[in-house]
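Reader: Got a model open here. Can you walk me through it?

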Amino acid sequence: MTIPSLNDFLTEDHNRLDGFLESFQERKAGSFSEAVEFWTRFASALKRHLLWEETILFPLFEQKTGQRGLTDTLRAEHEEIREWLAALDEKVQQKDADSDQEIDRLVNELGGHNAREEYALYPQLDKLLSEAEKQTAFEAMSAIPEGAP
Ligand SMILES: [Fe+2]
Ligand SMILES: [Fe+2]
């Protein structure tokens, strides 16, 4: 069995997350309840994605390279992302559709962050990990449930 590339898998997850957020943005001025479904999927999938990186992929990268400059930067960016996520979540809970500014900030933050990971982190991990190590990483990722806090 061929193990998929981490870069392909995680880049696809970034795109899937972008799609949920776009769908939320497109629908929020019309049917807010329909928009909320996309918001819920986005927030839950993004939190899971951040946990995959923080608990599995960043430590692997540090172990393999002995460096933590890049991963520390990425972790700090995750904190920014979580702040905008929480600010938006509060607006969604209050059914407040006036959130263009927060969405712009989050899209911006995610854009730069995801590009850095797709350029510097994931391709390196694909090179540094053996097939067996990749398999173990994928298994650990699927053990983190969707909807984790
Ligand atoms: Fe990340
Ligand atoms: Fe990511």
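Reader: Start with H49. Buried or exposed?
Author: H49 counts as buried, at 2% relative accessibility. Buried means under 20% relative accessible area, exposed over 50%, partly exposed in between, with a 1.4 Å probe and protein chains only.

Reader: Ground rules before we go on?
Author: This is a predicted model, where local features need pLDDT of at least 70, side-chain atom pairs count only at pLDDT 80 or more, and totals for chains, interfaces and linings use all residues. Residues are numbered from 1 along each chain as its sequence is written, chains are lettered from A and ligands numbered from 1 in the order in which they are written, and side-chain values use heavy atoms, with hydrogens and water left out.

Reader: Which residues coordinate the iron ion (ligand 2)?
Author: H14 (NE2), H49 (NE2), E53 (OE), E117 (OE) and Y122 (OH), at 2.0 to 2.2 Å. Donors are N, O and S atoms within 2.8 Å of the metal (3.2 Å for Na, K and Ca); water is not among the atoms, so sites may look incomplete.

Reader: How are those donor residues spaced in sequence?
Author: H-x34-H-x3-E-x63-E-x4-Y. H49 is in helix α2 and Y122 in helix α4 (residues 100-128), 73 residues apart. Helices here are DSSP runs (H or I, at least four residues), numbered from the N terminus.

Reader: And Y122, buried or exposed?
Author: Buried, with a relative accessible area of 0%.

Reader: Switching to packing. At what angle do α1 and α2 pack?
Author: About 155°, with axes 8 Å apart; α1 covers residues 6-27. That makes α1 roughly antiparallel to α2 (angles under 35 degrees count as roughly parallel, over 145 as roughly antiparallel, 65 to 115 as roughly perpendicular and the rest as oblique). Axes are lines fitted to C-alpha atoms over the stretch in contact, and angles run from 0 to 180 degrees between N-to-C directions.

Reader: What about α2 and α3?
Author: Helix α2 (residues 32-65) and helix α3 (residues 69-93) pack at about 160°, axes 11 Å apart. They are therefore roughly antiparallel too.

Reader: Last one: S142. Where is it?
Author: S142 is in helix α5 (residues 131-142). S142 counts as exposed, at 53% relative accessibility. A polar atom of the S142 side chain lies 3.1 Å from the backbone oxygen of E139.

Definitions and conventions
Helix = DSSP H or I, 4+ residues; strand = E, 2+ residues; numbered from the N terminus. Polar contact = N/O pair within 3.5 Å; in protein donor to acceptor, adjacent residues only side chain to side chain.
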